[in-house]
Amino acid sequence: MSKSRGSVISLEGNETKVMEWIEDHFVINEIEIEDFPFFPCGKLIRDKNEEAMIVFWCVIYGRVDYRLQEA
């Protein structure tokens with residue numbers, strides 16, 4: 001049980017890192033952000049042109065990563 005709690009705490013910290021990355025790379029009031037639970041700490045971002053990307057915590061490399069919408 002204690003191991004599970006550690007994982008939740010770790011994910012919360014990583015979600016903060018994901019949000020900080022988004023804030024560092026975008027003007028927050030010019031995008032829409034939705035939770036995207038298919039990726040760890042995933043966030044779906046859309047801009048005013050309806051272009052989208054996913055920002056998430058990569059558990060393999062231990063860092064924020066993203067994927068752009070393919071045309």
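Glu15, Asp35 and Lys43 are linked in a network of salt bridges. The model is predicted, and every value here is computed from it. Aspartate 35 counts as exposed, because its relative accessibility is 56% and the cut-off for exposed is over 50%. Lysine 43 is buried, with a relative accessible area of 5%.

The count of salt bridges comes to four. Side chains of opposite charge can pair when their charged atoms come close. One of the bridges joins glutamate 34 to arginine 46, with 2.6 Å between the closest N and O atoms. This pair links distant parts of the chain: glutamate 34 belongs to strand β1 and arginine 46 to strand β2, 12 residues apart. Glutamate 34 is partly exposed, at a relative accessible area of 37%. Arginine 46 is partly exposed too, with a value of 26%.

Aspartate 65 and arginine 67 also meet through their side chains, in a salt bridge of 3.2 Å from N to O. Aspartate 65 counts as buried, because its relative accessibility of 14% falls under the 20% cut-off. Arginine 67 counts as partly exposed at 45%.

Now the overall layout. The protein has one helix and four strands. From the N terminus on, the order of the elements is α-β-β-β-β. Strand β1 covers 31-35 and strand β2 covers 43-47. Strand β3 spans 52-58, and strand β4 spans 63-68. Of the 71 residues, 25% count as buried.

Aromatic rings come next. How many aromatic pairs does a search of the whole structure find? It finds five. One of them is formed by phenylalanine 39 and phenylalanine 56; this pair is tilted, with 4.7 Å from centre to centre and 35° between the planes. Phenylalanine 39 lies in the loop between β1 and β2, and phenylalanine 56 lies in strand β3, so the pair ties together parts that are 17 residues apart in sequence. Phenylalanine 39 is partly exposed, with a relative accessible area of 30%. Phenylalanine 56 is buried, at 6%. Ring pairs extend the picture to a cluster that links Phe36, Phe38, Phe39 and Phe56.

The loop between β1 and β2 also holds cysteine 41. The backbone there deserves a look. Cysteine 41 has a positive phi of about 55°, although this residue is not a glycine. Cysteine 41 counts as buried, at 12% relative accessibility. Cysteine 58 is buried as well, with a relative accessible area of 9%. How many disulfides does the structure hold? It holds zero.

The loop between β2 and β3 contains glutamate 50. Phi of glutamate 50 is near 65°, again a positive value in a residue other than glycine. Is glutamate 50 buried or exposed? Glutamate 50 counts as exposed, because its relative accessibility is 51%, and the cut-off is over 50%.

Isoleucine 60 sits between β3 and β4, in the loop that joins 52-58 to 63-68. Isoleucine 60 is exposed, with a relative accessible area of 69%. Its neighbours in sequence take part in a surface feature. Val59, Ile60 and Tyr61 form a nonpolar patch on the surface, and together they have about 390 Å² of accessible area. Tyrosine 61 has a further contact: arginine 63 lies over the face of its ring, at 4.8 Å from the ring centre.

How values were computed. Residues are numbered from 1 along each chain as its sequence is written. This is a predicted model: local features need pLDDT of at least 70, side-chain atom pairs count only at pLDDT 80 or more; totals for chains, interfaces and linings use all residues. Side-chain values use heavy atoms; hydrogens and water are left out. Patches are made of residues with over 30% relative accessible area and no salt bridge: like charges are joined within 9 Å, nonpolar side chains (Val, Leu, Ile, Met, Phe, Trp, Tyr) within 5 Å. Accessible areas come from the Shrake-Rupley method with a 1.4 Å probe; for residues, only the protein chains shown count as cover. Helices (H or I, at least four residues) and strands (E, at least two) are DSSP runs, numbered from the N terminus. Buried means under 20% relative accessible area, exposed over 50%, partly exposed in between (1.4 Å probe, protein chains only). Rings of Phe, Tyr and Trp (its six-membered ring) pair if their centres lie within 6.5 Å; planes under 30 degrees apart count as stacked, over 60 as edge-to-face and the rest as tilted. A charge sits over a ring if NZ of Lys or CZ of Arg is within 6 Å of the ring centre and within 35 degrees of the ring normal. A disulfide is a pair of cysteine sulfur atoms within 2.5 Å.
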